[in-house]
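These are my notebook entries on a single structure. I record what I looked up, beginning with a pair of helices.

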Amino acid sequence: MAIDDQDTIAAVATPAGEGAIAIIRLSGRDAVAIADRVFEGRRRIAEMKSHTLAHGRIRSPGGKTVDEVLVSVMRAPRSYTGEDVVEVNCHGGRIAVEAVYRLLVAAGARPAEPGEFTKRAFLNGRLDLAQAEAVIDVIRAKSPKGLEVAARQLEGELSARVQGVRSEILNLLAHLQVVIDYPEEGVAELEPSEVRARIERSIEAIERLLAGADAGRVYRDGIRAAIVGRPNVGKSSILNALLGEERAIVTEIAGTTRDTIEERAVFAGVPFVLTDTAGLRETDDPVERIGVERTRAAVRGADLVIAVLDGSAPLGPEDVEVLRTVRDAGIPWIVAVNKADLPLRLSPESLRPWIERAEPVFVSARLRDGIEKLMARAAEAVIGRETGAQDAVLVTRERHRAALERASRSLADALDALSSGYTADVVGVDLQEALEALGQITGESVADEVVAEIFAQFCVGK
């Protein structure tokens with residue numbers, strides 16, 4: 001079914017279920033007229049000033065009261081969507097909300113598609129595409145830092161940086177084009193050294209944004225950390241210590257954990273997706289063998305591996321196999337030596353061939369000692385110490401990273417063309433490609449199907 005952007009749309013904007021209040025939102029040129037058809041108060045909504053509230057009742061066509069409500073009106077262009085918006089605040093019972101919503105649809109509104117309110121804000125110039133994507137990141141933030149990063153993007157910090165680079169490239173491209181197309185205007189040609197310097201400044205600006213991409217993704221999605229080791233080293237105990245609750249079953253019997261267990265937690269503002277795994281070892285037990293294979297799959301899909309060793313026992317062949325598996329995975333990893341509350345029998349020298357850059361972290365899952373240090377080391381292994389600087393603008397989405405990388409490559413191609421002595425029009429082709437790549441972030445040059453895919457991720461009513 002084709003969607004008409006001129007329709008007035010309606011949706012319940014609050015979660016389903018019982019609550020104190022619920023909000024039903026309308027947006028479009030007929031929002032006020034449609035709401036007036038079912039609302040009865042001391043004055044009509046059409047007579048209300050923008051950004052004011054009115055008390056009244058929603059009436060059925062037969063004149064029966066459906067609910068007592070507060071109605072707010074926000075007139076274009078000073079609204080979320082840039083259109084006339086009316087919000088009906090009714091009681092939060094499921095039946096009442098559905099009844100009011102159905103009356104508004106019957107009065108002329110169309111049920112909104114997922115994300116259609118924010119899409120209209122984008123189409124009406126209230127938000128650019130990066131800001132619109134930040135709306136859903138604010139809603140889905142998994143930590144205070146993740147919320148901060150999303151809020152800064154919603155305010156336009158990333159867009160401003162991207163637009164700054166676009167303006168620099170656009171000004172350079174315009175100058176080159178004027179010299180080519182209108183030689184009679186007498187515009188002086190730029191020296192190749194100046195063209196090179198301006199392109200290099202743009203590349204540097206893009207690289208600064210890309211430097212924060214790993215941290216940005218982590219704050220948005222979390223670090224996927226797989227906890228691995230041979231049976232009975234305390235992997236499940238470490239998970240329980242991290243969560244502060246008995247989430248995983250812990251016994252003295254080797255091989256208790258047969259499947260992966262996944263939980264979320266936040267440490268020092270960094271969200272983690274923690275996966276407890278079955279012990280890595282050779283086994284004839286068909287069920288345990290499946291668990292071991294799932295452990296290997298968890299390692300392959302992780303951002304970080306926490307390799308757990310038993311500090312109360314010497315390093316054994318199964319431990320060595322764990323360390324070899326983790327090392328060969330080619331992703332960041334750290335070593336946690338558990339049972340630090342017991343006499344140490346694991347020789348630090350036996351770890352030297354495996355640990356080149358960082359010392360192991362000694363922890364006691366039973367006493368919860370060393371847990372904070374372990375997770376600080378885990379975060380550092382993935383995002384480093386500096387990428388979360390207060391003034392950094394963090395790129396959070398793979399779509400943005402890919403566009404920045406394309407722009408950087410195109411600018412590098414422009415430098416190569418300049419070095420090879422190609423004419424300005426050839427250099428201009430690469431500059432134009434860089435412009436288009438950056439425009440995909442903010443929406444100036446993005447395909448319609450990409451826009452549709454982005455807004456399909458939203459809930460109805462946002």
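**Entry 1: a helix pair**

I looked up helix α4 (residues 129-139) and helix α5 (residues 144-154): their axes come within 8 Å and cross at roughly 155°. Axes are lines fitted to C-alpha atoms, for helices over the stretch in contact, with angles from 0 to 180 degrees between N-to-C directions. Angles over 145 degrees count as roughly antiparallel, and α4 and α5 are therefore roughly antiparallel to each other. In α4, Ala-130, Gln-131, Ala-134, Val-135, Asp-137 and Val-138 meet Leu-147, Ala-150, Ala-151, Gln-153 and Leu-154 of α5.

I noted the basis of the entries: the model is predicted, local features need pLDDT of at least 70, side-chain atom pairs count only at pLDDT 80 or more, and totals for chains, interfaces and linings use all residues. Residues are numbered from 1 along each chain as its sequence is written, and side-chain values use heavy atoms, without hydrogens and water.

**Entry 2: helix α9**

I found helix α9 (residues 235-243) mostly covered, with 8 of its 9 residues buried (under 20% relative accessible area, 1.4 Å probe, protein chains only). The elements that its buried residues pack against include β8 (223-228), β10 (270-276) and α13 (371-383). Just after α9, Gly-244 takes a positive phi of about 75°.

**Entry 3: the core**

I turned to the largest nonpolar core, which has 35 residues; such a core is a set of buried Ala, Val, Leu, Ile, Met, Phe, Trp, Tyr and Cys residues joined through side-chain atoms within 4.5 Å. Its largest share, 7 residues, comes from α13. Phe-272 is among the residues with the most contacts inside this core.

Note on methods. Buried means under 20% relative accessible area, exposed over 50%, partly exposed in between (1.4 Å probe, protein chains only). Helices (H or I, at least four residues) and strands (E, at least two) are DSSP runs, numbered from the N terminus. Contact means heavy atoms within 4.5 Å. Angles under 35 degrees count as roughly parallel, over 145 as roughly antiparallel, 65 to 115 as roughly perpendicular and the rest as oblique.
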